[in-house]
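Here are my notes on this one, as promised. Have the model open while you read.

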Amino acid sequence: MAGVESYVERPPLPELARVVRTVWIQRTGDAAYVQRHLPTGGVELHFPIGGRPQLVGPLTGPQVEVIPAHTTIVGVRFLPGTAPPLSAMLDDLVDQRLELTELWGSLVDRLVETMALAGTPERALLILQGQLQREFQGGADPLVGEAVRALMPWNPLPIDALAGHLALSPSQLRRRCLQSVGVTPKVLQRTLRFQGFLALAQAGATATGRRGADGMAGLAIDVGYADQAHLSRECLRLTGLTPSQLLGGTVDRCLCGHDHSASYRPFLAGRRPVLDLFKTELARGA
């Protein structure tokens with residue numbers, strides 16, 4: 001509807017699924033829109049149609065942006081440990097927004113012009129993804145990819161065991177993580193744990209009932225928080241809001257009203273079924 005802010009996520013092209021978590025189109029209406037960007041563990045590309053594209057580096061806390069009225073943005077959110085070709089290490093880009101021309105040079109001008117002539121945001125997004133397919137020649141660091149999988153909340157490996165699991169020294173793991181993700185393994189683990197909570201909430205998941213907890217407290221425990229208070233502290237640190245403020249008082253939708261299922265569906269792919277979780281708990285108690 002004209003004059004109304006909208007945000008639509010969708011899966012990336014299949015050829016980009018190994019590196020891109022989701023793509024999106026956002027339109028502002030007759031008024032400016034206040035957008036709160038949250039840490040995801042990955043970097044993002046923001047392409048305002050007809051404007052100057054930016055790279056949003058790995059975030060460690062909330063970043064608030066005021067998007068002008070009548071603006072259309074197409075965006076790409078990368079998986080943790082992957083990024084488009086860059087001339088800088090990711091630890092140099094933490095909590096920064098950079099003009100993409102600083103990183104890609106004259107290619108950006110040609111891409112901006114082509115996308116502006118695309119006719120629709122949907123076609124512009126396809127053009128951007130096609131460019132990423134051509135540019136993404138190198139692969140992600142496989143050991144960092146394994147570290148990301150090992151730190152997911154459904155497959156948690158203690159930080160002090162992660163380096164040995166990867167046959168690296170702690171200093172080597174830290175260095176490679178900083179280069180390929182932008183943050184230390186511990187910061188990445190905290191970010192992934194919170195993203196796991198949001199993924200379960202957005203998916204309308206039911207808590208497993210471990211320790212007798214349900215609702216928001218149950219989901220918090222399922223992803224590794226000690227209790228709901230622990231979740232609340234981390235939520236405030238990562239988003240600047242309490243869980244109730246972020247989710248609008250419900251456990252199945254964020255306050256902004258956007259549907260983030262395309263972003264969280266691949267994130268949830270590695271989660272074990274509830275039955276397996278119960279079996280694990282029973283085995284521990286045996």
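This is a predicted model: local features need pLDDT of at least 70, side-chain atom pairs count only at pLDDT 80 or more; totals for chains, interfaces and linings use all residues.

1. The sheet is open and has six strands in the order β1-β2-β7-β4-β5-β8, with antiparallel pairing. Its edge strands are β1 (6-10) and β8 (97-99), each pairing on one side only. From one strand to the next the twist averages 20 degrees. Strands here are DSSP runs (E, at least two residues), numbered from the N terminus like the helices (H or I, at least four), and two strands pair if DSSP finds at least two bridges between them.

2. Residues are numbered from 1 along each chain as its sequence is written, and side-chain values use heavy atoms, leaving out hydrogens and water.

3. Within the sheet, β4 (residues 44-48) and β5 (residues 54-56) run antiparallel and are joined by three bridges. E44 has V56 in β5 as its bridge partner.

4. Have a look at α7 (residues 185-202) too: 15 of its 18 residues are buried, so α7 is largely enclosed by the rest of the structure. Buried means under 20% relative accessible area (1.4 Å probe, protein chains only). After α7 comes G204, with a positive phi near 65 degrees.

5. L268 sits in the loop between α11 (261-267) and α12 (274-285), and counts as buried at 18% relative accessibility. Leaving aside residues up to four places away in sequence, L268 touches W154, A199, L200 and A203 (contact means heavy atoms within 4.5 Å). The C-alpha atoms of L268 and W154 are 8.6 Å apart, though 114 residues separate the two along the chain.

Terms used. Buried means under 20% relative accessible area, exposed over 50%, partly exposed in between (1.4 Å probe, protein chains only). Axes are lines fitted to C-alpha atoms, for helices over the stretch in contact, and angles run from 0 to 180 degrees between N-to-C directions.
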